[in-house]
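User: Please take a close look at one part of this model: the loops and their backbone features. Keep it brisk.

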Amino acid sequence: MKLYSFWRSLASFRVRIALNIKGIVPDEVVNVDLMKGDQCQPAYRAVNPQMLLPALVDGDGPILFQSVAIMEYLEETHPNPPILPQDPRGRARVRALAAINASDSHPLMVPRVRNFLEQELKLDEAARTKWIRHWIGEGLAAMEGHLARDKDTGKFAHGNNPTMADICVAAQVTGAGFFKVNVEPYPTVMRIATSCMELEPFAKAHPLKQPGAPASLAH
């Protein structure tokens with residue numbers, strides 16, 4: 001198994017958490033430096049023509065891409081411990097909560113979007129930061145609305161065991177920290193994220209604990 005990853009990639013963070021929960025250790029982790037544009041080089045374009053992280057090679061089959069699809073694959077091939085509930089409605093809820101982060105909010109702040117805002121739309125850093133904080137906040141607000149309201153919310157996003165939803169909550173909150181988003185309006189999200197980061201599979205996967213990461217974001 002080979003994982004293509006980068007410390008600052010929140011999508012890679014999601015997959016690292018899932019791997020850790022499942023107790024899977026890749027044979028090789030390939031660093032693709034998004035900040036240097038390694039994802040646009042021919043070597044990585046051959047791995048993932050979309051030029052996004054992460055990507056996962058598992059044996060001789062096709063290369064896996066898109067973090068949620070990879071997590072679903074890991075769930076199906078290594079079902080214990082589970083990261084999806086057993087009942088269909090619960091699975092749908094967890095997938096929907098995960099999609100708030102992975103499909104709606106996070107895609108609007110990735111490097112290719114930030115580069116387009118800068119290079120094509122000529123937005124300065126202040127305007128770009130305002131854009132990013134807005135969409136992170138929208139995702140946090142959506143998660144808070146559901147998690148604070150729903151009776152299925154427990155210690156974690158769905159009950160008392162971490163699921164794919166919690167993986168995406170942790171990623172959303174970590175992104176908020178990267179861009180200094182005010183998280184006070186989202187107490188339920190923050191309670192759950194704190195519970196997640198107290199678990200070794202989450203803490204070990206944190207971006208700042210990966211090879212090549214700075215000692216802190218102020219570094």
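Analyst: Start with Pro81, which sits in the loop between helix 3 (67-77) and helix 4. Helices here are DSSP runs of H or I with at least four residues, strands are runs of E with at least two, and both are numbered from the N terminus. The bond joining Asn80 and Pro81 is a cis peptide, with omega about -10°.

This is a predicted model: local features need pLDDT of at least 70, side-chain atom pairs count only at pLDDT 80 or more, and totals for chains, interfaces and linings use all residues. Residues are numbered from 1 along each chain as its sequence is written, and side-chain values use heavy atoms, with hydrogens and water left out.

Leu53 to Pro54 is also a cis peptide bond, omega near -5°. Pro54 belongs to the loop between helix 2 (42-45) and strand 3 (55-57).

Next, Met109. Its loop runs between helix 4 (88-105) and helix 5 (111-119). Met109 is buried, at 6% relative accessibility. Buried means under 20% relative accessible area, exposed over 50%, and partly exposed in between (1.4 Å probe, protein chains only). Beyond neighbours within four places in sequence, Met109 contacts Leu10, Arg114, Ile132, Ile136 and Phe179. Contact means heavy atoms within 4.5 Å.

Now the positive phi values. Lys122, not a glycine, has phi of about 60°. Lys122 lies in the loop between helix 5 and helix 6 (125-149). Lys122 is exposed, at 64% relative accessible area.

Lys180 also has a positive phi, near 55°, and is not a glycine. Its loop links helix 7 (164-178) and helix 8 (187-197). Lys180 counts as exposed at 65% relative accessibility.
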